[in-house]
Amino acid sequence: MAPRLQLEKAAWRWVDTVKPEDITQEHVELAYRIAVPACKRGACRRNCKGNPNCLVGIGEHSWLGEIDENTFHNIDDPNSERRDKNTFVGLTNLGATCYVNTFLQVWFHNLELRRTLYLCQNSRAEGHSTESEYEPRTICEHLQYLFALLQNSTRRYIDPSGLVKALGLNTGQQQDAQEFSKLFLSLLEDTLSQQKDPTLQNVIQQQFCGEFSYVTVCTQCGRSSALPSRFYELELNIQGHKTLAECVTEFLKEEKLDGDNRYFCENCQSKQSATRRITLHSLPRTLNLQLMRFVFDRQSGHKKKLNNLISFPEILEMGSFLEAKEEKCTYDLSAVLIHRGVSAYSGHYIAHVRDSRTNDWYKFNDEEIEKMEGKKLQLGLEEDIAETVKSQTRKPKYSKGFHCSRNAYMLVYKRRLDQEDQTQTNVEVPAFLQRLVDQDNKKFEEWCSEMVDMRRQSVDKGKAKHVEVKELYELLPAQDGEPFEFVPVEWLKKWLDDSTATKAIDNSPFLCMHGKLHPDRIGEAKRISNAAAERLFNRYGGGPRVDRSFLCRDCVTRRCQVLRLKNQLSEDYREVTNLAKTQLKSGDEGFWIGKASLRQWRQLALEQLEEEEEETKHTNCKTNGEKPTCTGAEDGEQDNDGDEEEMKMFNEDILCCHGGLSIHEGERRLVSHEVWGKLKVYFPRAPEFSQRQESCQQCTRMEKEGKENEALNRMMASEQKNSLLNLFQEKNRPTLQKWPQDTDVLYIVSLFFVDEWRKFIRRPAKSNPVSNVGNNILLCPHGGFMFTYNSMIQGDAQHSPLAC
């Protein structure tokens with residue numbers, strides 16, 4: 001189809017040969033493009049805006065081809081939210097809580113901790129009615145319920161927001177993961193210490209607590225002192241090291257205390273040089289090794305992440321590091337916590353955890369859980385991230401039974417016992433907690449059923465609409481000679497777009513000031529058959545219904561006039577220019593026009609025609625025959641300055657303020673009747689003044705009065721100047737310090753009055769006489785003089801001249 005501008009020109013090509021009074025119905029239909037051929041499917045890449053008969057590219061392709069039922073809804077399959085068989089349950093990331101989720105998954109897989117938590121008393125949960133929602137309160141209650149859901153929920157992932165809120169964590173800000181681990185274990189230990197069962201009170205210590213001593217030896221007397229301490233994790237420096245063994249060795253190595261760091265020896269009773277080291281006495285069942293990747297950078301004043309490679313074993317022998325030098329103190333790697341990212345203040349946390357029952361490794365990444373193949377820990381994906389170490393692209397090599405990581409920040413080892421009790425790998429959820437889990441599972445199943453019903457309803461509705469649309473789209477094209485109506489193309493697009501609700505048809509924006517279809521809005525409407533319109537309006541309602549009777553002859557006629565005048569303007573300009581140069585013949589009647597108007601009439605005419613054409617295109621008018629609210633004088637006054645608006649009206653430069661002919665004869669000239677006739681065609685509302693027209697009587701009288709007043713003002717100014725010459729010239733003026741002889745009284749007047757009086761004296765024709773001294777500005781609010789004699793002497797009143 002031809003471009004929109006070509007269709008626009010073709011619709012109005014006939015105006016060059018047809019006068020406005022000769023317009024027929026055929027011309028009206030040409031202007032509305034009734035006979036423009038309809039586009040065929042595949043011929044247009046997009047809908048033709050200039051063709052009201054083009055019904056291609058409005059969204060019909062999604063209904064006429066093969067239909068995918070999934071397009072009828074935006075509801076995901078609820079079964080995708082269901083937990084797969086033999087898999088674990090994930091945790092929702094609430095914004096920046098991935099670090100919390102990793103620790104929760106690690107602690108959940110600590111079977112002894114989980115079993116102990118299940119044994120804690122929870123009278124609220126035990127007596128809870130399943131008719132209402134269970135809301136834990138204490139940290140212990142939250143962990144109980146969360147672990148029970150992680151164990152037996154049918155959901156693919158659960159929401160830990162209850163626990164996160166109870167901990168007072170900011171979900172939008174990432175916290176220090178290493179610090180969180182310490183604080184949470186300490187909080188949990190305090191909570192469990194309130195349990196009545198002694199075995200429950202000490203479970204954190206039994207699981208995570210070890211003992212060491214800081215041993216200090218005085219180099220002077222050899223006295224040794226030990227300061228015992230407990231630990232829940234060993235914080236290992238990794239800077240400058242490549243293996244875990246090196247990190248542990250440095251942690252236990254001897255440190256010299258000398259200089260300002262000397263040790264006060266109680267035996268010597270003075271500060272002495274000494275050595276200090278850490279001695280391990282006992283290790284916990286679960287050994288948490290913190291790799292100190294996040295360190296303080298003194299140069300930048302912020303924390304930074306160390307990305308150096310650390311090798312660690314799957315089986316860790318700790319016997320040689322103990323004070324007692326046990327032969328066997330074997331630990332198995334059970335979890336690796338990973339930080340992905342280059343900054344200590346951002347990034348993402350995931351956890352690799354070994355299932356104690358099957359020894360399979362799983363990667364926990366918030367909601368997503370992935371089982372590793374071959375019962376092996378696989379850290380390759382996390383170590384391939386380019387932003388960690390850009391310079392190192394080769395994968396690190398490591399021995400069998402070892403792993404390497406640049407992102408691991410915590411290693412969790414589980415102590416291997418001589419006699420493993422297989423029954424300890426089975427942890428049953430208590431009945432009172434299982435009831436709550438069953439309640440949540442039932443709620444989830446109800447949600448799944450609801451989603452399935454909503455999907456089915458959407459599909460059924462979509463299929464019904466598909467049938468409706470397919471039938472109606474075939475009815476849309478209007479056949480030649482058959483009744484037709486117009487509907488908005490945007491409404492048709494929304495009707496074919498199933499993602500939006502279909503509203504009533506609104507044709508009112510397309511109506512002109514005559515209450516009919518505006519010819520220049522035809523590009524926003526589509527011509528459809530009367531049968532299709534009948535079904536659409538019956539189905540969706542709306543109005544007004546716009547048929548053939550709404551083609552506006554008045555608008556077409558006015559547009560025809562404007563276009564013809566624009567085409568004729570250049571020829572008339574040349575003719576008017578030539579005619580204006582000739583002198584009026586004796587006896588011919590002339591007309592007054594402004595010289596500025598004559599110079600600018602072509603531009604004024606062009607602007608006026610373009611404004612009228614624009615008005616016909618965009619009328620913010622009332623519809624259905626109501627009076628228009630556009631193009632009023634008040635709007636013009638609001639949108640434009642008065643002077644600018646007046647200059648757009650031809651001949652207003654010789655129009656006085658009273659609406660008569662201006663008295664300034666130098667601003668106007670006479671033109672012939674022929675010239676005025678041609679200009680009148682373009683400016684029918686311009687003020688008309690014939691040669692016999694007299695100048696405005698009011699302006700003439702005012703001019704005469706003005707000249708008389710000017711003469712009086714000059715006389716008055718001359719008299720006042722002569723009588724007050726010193727005041728005018730600012731000479732021989734008295735001051736408070738120097739009074740004139742034989743003078744007892746000085747009078748004070750305001751500087752403002754003197755300035756205004758001098759202006760009048762200098763330009764009496766342009767200024768008005770000063771009628772009032774106006775000393776009110778020198779008075780205070782109480783009516784008295786606001787200055788004292790001393791203040792005037794000191795200069796506070798220098799702005800007030802003095803006169804005798």
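First, a term: contact means heavy atoms within 4.5 Å. Axes are lines fitted to C-alpha atoms, for helices over the stretch in contact, and angles run from 0 to 180 degrees between N-to-C directions. Helices (H or I, at least four residues) and strands (E, at least two) are DSSP runs, numbered from the N terminus.

This is a predicted model: local features need pLDDT of at least 70, side-chain atom pairs count only at pLDDT 80 or more, and totals for chains, interfaces and linings use all residues. Residues are numbered from 1 along each chain as its sequence is written, and side-chain values use heavy atoms, with hydrogens and water left out.

Start with the sheet. Helix α21, residues 673-682, lies across β26 and β27. It runs at about 55 degrees to β26. The sheet is open, with 3 strands in the order β27-β26-β28 and antiparallel pairing. Two strands pair if DSSP finds at least two bridges between them. On the edges sit β27 (668-671) and β28 (689-690), each pairing on one side only. Strand β26, residues 591-594, is joined to β28 by 2 bridges. Phe 591 has Ser 690 of β28 as its bridge partner.

Now the helix pair. At what angle do α7 and α14 pack? About 60 degrees, with axes 9 Å apart. Their residues are 139-152 for α7 and 431-475 for α14. The contact includes Tyr 145 and Leu 149 of α7, and Phe 432 and Asp 440 of α14.
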